Amino acid sequence: MSWNFPYESITSIMDLLDRKELAMSKKFGQNFLLSKDVRKRIVNTMELSKDMKVWEIGPGIGSITSLILEEDVNLTAFEIDYGFCKILANEAFGDEAKFTLVEGDALKTTISTFKEIGTPDVVCGNLPYNVGSVCIAKLLENKCHPKKMVYTLQKEVAQRLCADSGSKLYSAFSVLAQIDYNVSIVMDINSQAFYPVPNVVSSVIVMNKRRTPLVEDELRDTFIMVVRDLFSKRRKTIKNNLISGRCGKLYEKEVLLEAIENSGVPSQARAEKLTINDFKKISKELFSLKK
Ligand code: SAM
């Protein structure tokens with residue numbers, strides 16, 4: 001690769017942006033990861049090998065991108081900032097045969113690319129704090145399930161993804177992610193490793209696809225609907241949430257009460273105390289009624 005940019009140097013980054021008459025934008029959550037050591041550890045976590053299909057969301061000006069390309073993989077990068085796209089495509093990686101750039105909002109472009117060319121092996125991203133969780137949720141909802149995903153996220157978002165039953169951070173998002181993935185935090189990153197320095201701590205998470213999902217395919221839609229309903233008001237009991245949610249629009253109240261009773265899950269419980277297996281028991285009762 002001919003591009004050998006000193007991504008650790010704030011002066012070099014500012015010079016490059018000045019030369020291109022570009023500025024960094026808060027709106028797009030632009031905080032560049034300077035530390036080469038941290039960037040290398042992130043890429044090592046991806047366990048890449050030659051010719052793998054890798055997607056990077058939010059490459060910025062390419063600090064992680066350049067290290068990924070050193071692994072001789074096929075990399076598709078999704079970037080919203082038009083100016084950064086010009087640097088990536090014309091200056092940095094224009095001569096890399098294995099690099100493809102998709103310009104635009106990754107919340108839309110990842111899904112359209114998935115529909116066009118299917119699931120990559122690995123998805124990664126140092127995601128802007130405001131779009132990180134939405135981006136992951138969209139991939140999961142659309143059943144885009146790469147073998148591995150490695151994200152740098154705001155620490156609290158990372159903790160929500162990993163949270164277990166009983167934790168305050170346990171949510172529909174945790175359950176949705178954990179149906180198909182083992183999720184864990186690999187490391188925290190000090191905010192000083194970024195430029196500009198953000199006012200939140202970041203964590204790197206790895207999501208390894210389970211060999212067998214925790215929820216069978218045929219049950220999935222009912223399961224997701226139940227989980228969303230049960231978490232919709234955290235203080236409400238599962239009984240009240242189910243009745244006032246989408247399930248309440250599809251089933252009579254008596255039917256819902258019977259389903260909860262048959263499941264053996266206490267109707268006065270709150271969603272944050274339920275295990276994935278408890279959600280499954282209620283979903284199975286509802287699913288069998290549908291048939
Ligand atoms: N990967 C670089 C790094 O680690 O230094 C930049 C990370 S920076 C936190 C986030 C990047 O995501 C920025 O380049 C920003 O322009 C881009 N971005 C923000 N929102 C986006 C979106 N909706 N779709 C695609 N890229 C987005």
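Mentor: Let's begin at proline 196, which is found in the loop between strand E8 (194-195) and strand E9 (202-209). Helices (H or I, at least four residues) and strands (E, at least two) are DSSP runs, numbered from the N terminus. Residues are numbered from 1 along each chain as its sequence is written. Keep in mind that this is a predicted model: local features need pLDDT of at least 70, side-chain atom pairs count only at pLDDT 80 or more, totals for chains, interfaces and linings use all residues, and side-chain values use heavy atoms, with hydrogens and water left out.

The peptide bond that leads from tyrosine 195 into proline 196 is cis, with omega near -10°. Most peptide bonds are trans, and most residues other than glycine have a negative phi. Glutamate 47 is not a glycine, yet has a positive phi of about 50°. Look for glutamate 47 in the loop between helix H2 (36-45) and strand E2 (53-57).

Now let's turn to the ligand, which sits in the largest pocket. On a 1 Å grid over the protein atoms alone, a pocket is an open set of points with protein on both sides within 12 Å along at least five of seven lines. A molecule sits in one if more than half of its atoms lie within 2 Å of its grid points.

Of the 22 residues around the ligand, Gly58, Glu79, Asp105, Ala106 and Asn126 come nearest; to be near, a residue needs a heavy atom within 4 Å. Strand E1 (32-33) and strand E3 (74-79) each supply at least two residues of this shell. By class, the shell has 10 nonpolar, 8 polar and 4 charged residues. Here Ala, Val, Leu, Ile, Met, Phe, Trp, Tyr, Cys and Pro count as nonpolar, Asp, Glu, Lys and Arg as charged, and the others, Gly among them, as polar.

For the side chain of glutamate 79, an N or O atom is 2.6 Å from a ligand oxygen. Taken alone, the ligand exposes 590 Å², and the protein buries 97% of that, with areas from the Shrake-Rupley method and a 1.4 Å probe.

Definitions and conventions:
A polar contact is a pair of N or O atoms within 3.5 Å; within protein, one must be able to donate a hydrogen and the other to accept it, and residues adjacent in sequence count only if both atoms are side-chain atoms. On a 1 Å grid over the protein atoms alone, a cavity is a set of points where a 1.4 Å probe fits but cannot get out, and a pocket is an open set with protein on both sides within 12 Å along at least five of seven lines; lining residues have an atom within 4 Å of a point.
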